[in-house]
Amino acid sequence: MELVRATEAAAIRAVPWIGRGDKNGADKAAVDAMRKFLGTVNFAGVVVIGEGEKDQAPMLFNGEVVGNGNGPECDIAVDPIDGTSLTAAGRQNALSMIAVSDRGTMLDASSVFYMDKLVTGPEGIGVVDIRKPIGENIRALAAAKGKPVEEMSIAVLDRPRHEQLIADIRAAGAGTRLLLDGDVAGGINAARYGTRIDMCVGTGGSPEGVATACAIKALGGLIQGVLRPKTDEERQRGLDAGLKFDHVYEADELVRGDNTFFVATGVTDGGLVEGVRRKGPIIRTESIVLRSHSGTVRRVVAEHLAEKWLGEDAD
């Protein structure tokens with residue numbers, strides 16, 4: 001619940017910026033709120049995946065120590081707003097998220113920005129492989145799930161780099177669910193039981209892949225990632241950091257161990273959680289909490305007195 005309070009605070013503080021066209025303003029408001037609340041959490045956390053290096057991001061930077069110093073030592077991945085552009089435009093699927101694992105277990109992939117990813121539910125384990133053609137993977141997963149290929153729905157970020165991938169998915173007979181942003185939510189929905197998304201594929205942020213892995217481990221699903229450096233310099237930075245190329249990272253390499261938490265609160269409405277809503281004197285938030293050790297998924301709906309959030313010192 002301490003982690004939920006941090007994502008709730010970030011989401012609530014981002015609300016005034018929804019649809020205002022200022023993604024940096026939204027991000028700063030959410031970062032400031034999350035950082036303040038993380039400082040009260042009973043743990044000794046180190047930000048492995050944050051807002052960038054210290055000189056570029058004064059709040060929640062990579063390597064920053066958070067928490068009150070008591071309790072377990074943890075690795076932290078934070079994204080005060082996953083989908084700043086969505087927030088600025090007033091579009092759906094923006095959320096605030098935190099992923100946590102035991103200290104030293106979270107892969108630091110920050111030196112290589114992009115990663116090819118494939119995410120499915122438990123049915124995909126031993127069935128799909130990121131090294132295989134997408135059509136083959138779709139047909140194999142459809143058979144494992146016992147549904148026709150034409151009923152399969154594949155989530156992909158709507159980017160020019162995915163033009164061929166999207167064409168191949170449709171050529172295989174499946175449908176696409178194009179994401180404007182935020183492939184973390186897309187991956188989680190691909191792994192959750194009973195959603196409309198069967199698989200999430202494509203090239204997205206490496207840090208988001210590691211954060212998604214924390215959630216996938218709680219859902220018993222499959223995630224695979226292959227790092228994709230864009231330049232020789234980026235590849236060398238990755239090698240210097242001990243990263244592997246031409247290698248398929250599985251869930252247990254992205255996040256080692258079986259003690260992960262993933263928490264997300266909706267900023268705007270989406271397929272994973274509803275966005276923040278103001279109803280008279282009440283602010284309503286919806287969050288999702290996933291824990292790998294127990295394999296549980298919890299939804300937390302909270303009502304906050306709006307008057308408590310009017311001042312900058314509200315907590």
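I began at Glu286, which sits in strand β13, residues 282–291; strands here are DSSP E runs of at least two residues, helices H or I runs of at least four, both numbered from the N terminus. The model is predicted, so I kept in mind that local features need pLDDT of at least 70, side-chain atom pairs pLDDT 80 or more, while totals for chains, interfaces and linings use all residues. Residue numbers start from 1 along each chain as its sequence is written, and side-chain values use heavy atoms, with hydrogens and water left out.

Is Glu286 buried or exposed? I found 11% relative accessibility, so Glu286 counts as buried (buried is under 20% relative accessible area, exposed over 50%, partly exposed in between; 1.4 Å probe, protein chains only).

Next I looked up its partners. The Glu286 side chain makes a polar contact of 3.3 Å with that of Arg299 (N or O atoms within 3.5 Å, one able to donate a hydrogen and the other to accept it; residues adjacent in sequence count only if both atoms are side-chain atoms). Beyond four places in sequence, Glu286 is also in contact (heavy atoms within 4.5 Å) with residues including Ala264, Thr265 and Gly266.

Strand β11 pairs antiparallel with β13 over five bridges (pairing needs at least two DSSP bridges), and Phe262 stands opposite Leu290 in β13. Six bridges join β11 to β4, residues 95–102, also in the antiparallel sense; there Ile98 stands opposite Val263.

Last, I turned to an open sheet of six strands, ordered β7-β6-β8-β5-β9-β10 with mixed pairing. Strands β7 and β10 each have a single partner, so one side of each lacks a neighbour in the sheet.
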